[in-house]
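The following note comments on the structure shown below.

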Amino acid sequence: MEVIILPTREQATMLTARLIAKALRQKPSLVLGLATGRTMERLYSLLGTMHREEGLDFSLCRTFNLDEYIGLPPDSPYSYRYYMNEHLFKRINIDLRNTHLPDGMAADLEAACRQYEMQIAECGGIDLQLLGLGSDGHIGFNEPLSALRSRTRQKALTPETIRQNASLCGGEQNVPRRALTMGVGTILDAKRCLMLVTGSTKADILAKAVEGPITSMVTASALQLHPSCRVIVDAEAGQFLQGKDYYDWIFRNEPEWAEYQDLAR
Ligand code: GLP
């Protein structure tokens with residue numbers, strides 16, 4: 001795992017956008033795993049600007065979202081399909097046929113999950129998986145005690161997750177109780193992972209995920225097993241990390257980060 005702590009939310013989000021843009025320029029047919037949540041809203045707006053102003057080209061890019069609520073049609077403003085269309089897909093030149101989310105409206109949800117895994121495999125696997133961090137330590141909707149080898153499947157959401165996502169759904173009463181989500185094992189199969197975490201409300205759970213023991217109680221901690229995982233955070237989210245000085249030293253001295261030094265000022 002590599003952890004990069006930048007002073008502000010905007011700088012952390014910009015670094016994440018630039019890392020995605022670089023991966024896409026290196027491989028225009030990138031298979032990109034996507035996430036939802038408030039943290040990603042600014043990131044997607046930055047990617048939209050990069051498309052408009054720098055010609056960042058998504059025409060060959062294929063995307064797979066981590067998760068989708070069960071029972072919400074794509075045109076529901078609370079569905080993740082709607083979120084993705086509004087926040088990202090409308091702002092870039094992606095072919096909507098190349099964008100995928102688990103089908104939370106399928107009559108046979110188990111078959112839909114199997115099909116999602118097959119679609120990912122048919123694309124050659126996910127090249128770069130973007131991740132946020134839930135306040136209970138989840139990635140995707142892998143709630144506490146999710147098997148660390150799990151695949152795409154149904155999960156019941158915790159009351160904490162329902163509360164956390166209430167503001168995006170116009171109140172707790174509108175948040176579905178179940179979702180389809182890539183499993184922790186599905187996420188760990190991505191060639192590279194990139195997690196963006198900002199704000200002081202995530203500081204405690206981030207320290208557990210990054211520096212605590214690997215445990216299914218905090219499914220993000222499974223990322224410690226991933227051979228290529230970058231975690232980008234702002235100073236507020238990173239405030240309880242014990243290895244801060246070492247992470248800063250890496251960012252300032254390792255050649256792979258040289259082109260991003262303007263962001264640390
Ligand atoms: C939801 C998503 C997660 C995301 C989390 C963080 O629970 N299923 O994939 O990481 O929200 O949300 P926010 O960025 O709003 O804190």
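1. A disulfide, as the term is used here, is a pair of cysteine sulfur atoms within 2.5 Å. In general terms, such a link is a covalent bond between the sulfur atoms of two cysteines. The model under discussion is predicted, and by this cut-off the count comes to 0 disulfides.

2. Cys123 illustrates the point. Its closest cysteine sulfur belongs to Cys61 and lies 10 Å away, so the two are too far apart for a bond. Cys123 counts as partly exposed, because its relative accessibility is 21%.

3. Cys229 is likewise in no disulfide; the nearest cysteine sulfur, that of Cys193, is 5.2 Å away. With a relative accessible area of 4%, Cys229 is buried.

4. Turning to the ligand, the molecule sits in the largest pocket. There are 15 residues around the ligand, and those that come nearest are Arg38, Thr39, Asp67, His138 and Lys202. By class, the residues of this shell divide into 4 nonpolar, 8 polar and 3 charged.

5. A backbone N or O atom of Arg38 is placed 2.8 Å from an oxygen atom of the ligand. In the case of Asp67, a polar side-chain atom lies 2.8 Å from a ligand nitrogen atom. For Lys202, an N or O atom in the side chain is 2.7 Å from an oxygen atom of the ligand.

6. How much of the ligand's area does the protein bury? Taken alone, the ligand exposes 390 Å², and the protein buries 98% of that.

Conventions:
Residues numbered from 1 in each chain as written. Predicted model: local features only at pLDDT ≥ 70, side-chain atom pairs only at ≥ 80, totals over all residues. Heavy atoms only, no water. Near = heavy atom within 4 Å. Polar contact = N/O pair within 3.5 Å; in protein donor to acceptor, adjacent residues only side chain to side chain. Areas by Shrake-Rupley, 256 points an atom, 1.4 Å probe, with all protein chains shown as cover. 1 Å grid on protein atoms, 1.4 Å probe; cavity = no way out; pocket = protein on both sides within 12 Å on 5 of 7 lines; lining within 4 Å. Sits in = over half its atoms within 2 Å of the grid points. Nonpolar A, V, L, I, M, F, W, Y, C, P; charged D, E, K, R; others polar. Buried < 20%, exposed > 50% of the residue type's maximum accessible area, 1.4 Å probe, protein only.
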